[in-house]
Amino acid sequence: MRRIVALVAACALASACTTGSGAAPRPTLSIVMADDWESAPTVRDVVRDFEREHDVRVQIQAAPFSQIPDLVRNATDLDDPFDLAHWHAFAAAADDLAEPLDDMWDEAGLAPDQFLPGAVDDVTWEGSRYGVPLDVNALVLLANRAVLAAADVEPDDLRDADRFLEVARTLRAAEPVDYAITVTASSWTAYGWIRAFGGDVIARDGDELRFTFDDPRTVAAIDLLGTLATEGTATPPFAPDLALDAIQSLTTGSVALHATGSWDLPIARRARGSVLGEELLVLPLPRGTGETGTVLGGSSLFVPRGAEHRDLAFALALALTEREVGLELAAEEGRLPARLDAYDDPVFAEQPDVATFVDELPDADVMPLIAYPELAAAFSATLERVLKGQQDAATALGELQELADGIATR
């Protein structure tokens, strides 16, 4: 016991001497990150290397992605802000949660042309940069090649928005599927269909912004989804948090088509009991007329307002968005890098299913309603009513347009 007491006393003395020598304690970076990102081996490796190289401790709070803005807001209100946060920097800036980082971009030599256009939009608000793009994605169709062949449907038959309902009905009648396609009550997915049809929910005329929920092409896209769901050509609408159930419907052969992002590719490939094998096809969404594209998925990193370690936080953001890190995350997690130079890597040309995603990225737009929470919630409610057959698309979106007009004139 005396030896133990002596050892403790010696340790305390050593600690006191160290403190007395003026050695500064290691700074601690406080970060909030989506739980499925925080647990990624590549992310943890980058963080460990950063701690070692910068003599800093990184403390990460993992959380569901959708809860991060509330956590950032609460921490800031308690005067204990995070140093770095993972979400959509443009929407965080719209809610006054993020620090402008134009000076950091200049010091680091970052330029918009180093990233995909939509990824730059994800960090830009009113002309300023508020974060660093982390990853990107796009909405595409995963298809069961065998079911298409059995129904005498060619992949090109699915490219025309005007013919898509007719082709889906043909697939619905094929054996042995139960439905032609999954339908998800996700506003992000719905926006991808809207963009593919040539519509949008926001238009800009110079500095003037107007909402366009009643655009005929927007109405046509939501009407298609509603028709597919209510007539039984598609599955009953999956809630957004049932994404694994939706992909399982494809891998087990219950449905022929599933609209999703590249994160589902690794899941589809390794799904237990999958009937797909080599039958998995990746196709673009059907296209309408005019300027078409799809929705950009992904995320960015931003420095919350009032962060104590702004410089270190930005340095960690740069480390997490390096080219090689993006390539590792693409291989392991199905997440695509935001940096353009990553797409010079042969892996993207060697994998045709990934190449289809890559082809969609330059014309993919960020879901803009993320920056307008009241309208985002109203749009989600509108979508659910249409998918459940409670309202037709034209009426529901017309009412949403009236709400949006009222908000815009406040």
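How many bridges join strand 7 to strand 11, and in which sense do the two strands run? Four bridges join them, and the strands run antiparallel. The model is predicted. The protein holds 19 helices and 15 strands. Its radius of gyration is 24 Å, close to the 22 Å that the globule rule gives for 410 residues, so the protein is as compact as a globular protein of that length.

**Overall build**

- The C-alpha trace spans about 85 × 55 × 45 Å along its principal axes.
- Of the 410 residues, 51% are buried.
- Take the contacts between residues at least 6 apart in sequence: 77% of them join residues at least 24 apart.
- The protein exposes about 18900 Å². Carbon and sulfur atoms supply 49% of that area.
- There are 30 positive and 70 negative side chains. The centres of the two sets lie 6 Å apart.

- Strand 7 covers residues 140-144. Five of its five residues are buried, so the strand is largely enclosed by the rest of the structure.
- Val140, Leu142 and Asn144 point one way from strand 7. Leu141 and Ala143 point the other way. All of these residues are buried.
- Strand 11 spans residues 255-260.
- Leu142 has His258 as its bridge partner in strand 11.
- Strand 7 also pairs with strand 12, residues 280-283. Four bridges link strands 7 and 12, in the antiparallel sense.
- Opposite Asn144 stands Leu280 of strand 12.

**Strand 11 and strand 8**

- Six of the six residues of strand 11 are buried, so this strand is largely enclosed by the rest of the structure.
- Strand 11 pairs with strand 7 in the antiparallel sense, but with strand 8 in the parallel sense.
- Strand 8 comprises residues 179-181, and two bridges connect it to strand 11.
- Tyr179 has Val255 of strand 11 as its bridge partner.

- Glu38 lies in helix 2. Is Glu38 buried or exposed? Its relative accessibility is 18%, so it counts as buried, the cut-off being under 20%.
- Beyond its neighbours within four places in sequence, Glu38 is in contact with Met33, Arg44, Ile60 and Ala62.
- Ser39 sits in the loop between helix 2 (35-38) and helix 3 (41-54). Its relative accessible area is 38%, which makes Ser39 partly exposed.
- Ser39 and Ala62 are 23 residues apart in sequence. Their C-alpha atoms are 8.3 Å apart in space.

**Loop residues with positive phi**

- Asp55 is not a glycine, yet its phi is positive, about 50 degrees.
- Asp55 belongs to the loop between helix 3 and strand 2 (57-63). With 48% relative accessibility, Asp55 is partly exposed.
- Asp96 also has a positive phi in a residue other than glycine, near 60 degrees.
- Asp96 is placed in the loop between helix 5 (89-94) and helix 6 (102-108). With 46% relative accessibility, Asp96 is partly exposed.

**Helix 8**

- Helix 8 runs over residues 145-150 and includes Ala150.
- Ala150 is exposed, at a relative accessible area of 57%.
- Ala150 and Pro176 are 26 residues apart along the chain. Their C-alpha atoms are separated by 9.5 Å.

**Helix 17**

- Which residues of helix 17 are buried? They are Asp353, Val354, Ala355, Thr356, Phe357, Val358 and Glu360.
- Helix 17 covers residues 352-360 and is mostly covered, with seven of its nine residues buried.
- An α-helix has 3.6 residues a turn, so residues three or four places apart point the same way.

Terms used:
Residues are numbered from 1 along each chain as its sequence is written. This is a predicted model: local features need pLDDT of at least 70, side-chain atom pairs count only at pLDDT 80 or more; totals for chains, interfaces and linings use all residues. Side-chain values use heavy atoms; hydrogens and water are left out. The radius of gyration is taken over C-alpha atoms; the globule rule is 2.2 Å times the number of residues to the power 0.38. Buried means under 20% relative accessible area, exposed over 50%, partly exposed in between (1.4 Å probe, protein chains only). Contact means heavy atoms within 4.5 Å. Accessible areas come from the Shrake-Rupley method with a 1.4 Å probe; for residues, only the protein chains shown count as cover. Lys and Arg count as positive and Asp and Glu as negative; His and the chain ends are not counted. The place of a charge is taken as NZ of Lys, CZ of Arg, CG of Asp or CD of Glu. Two strands pair if DSSP finds at least two bridges between them.
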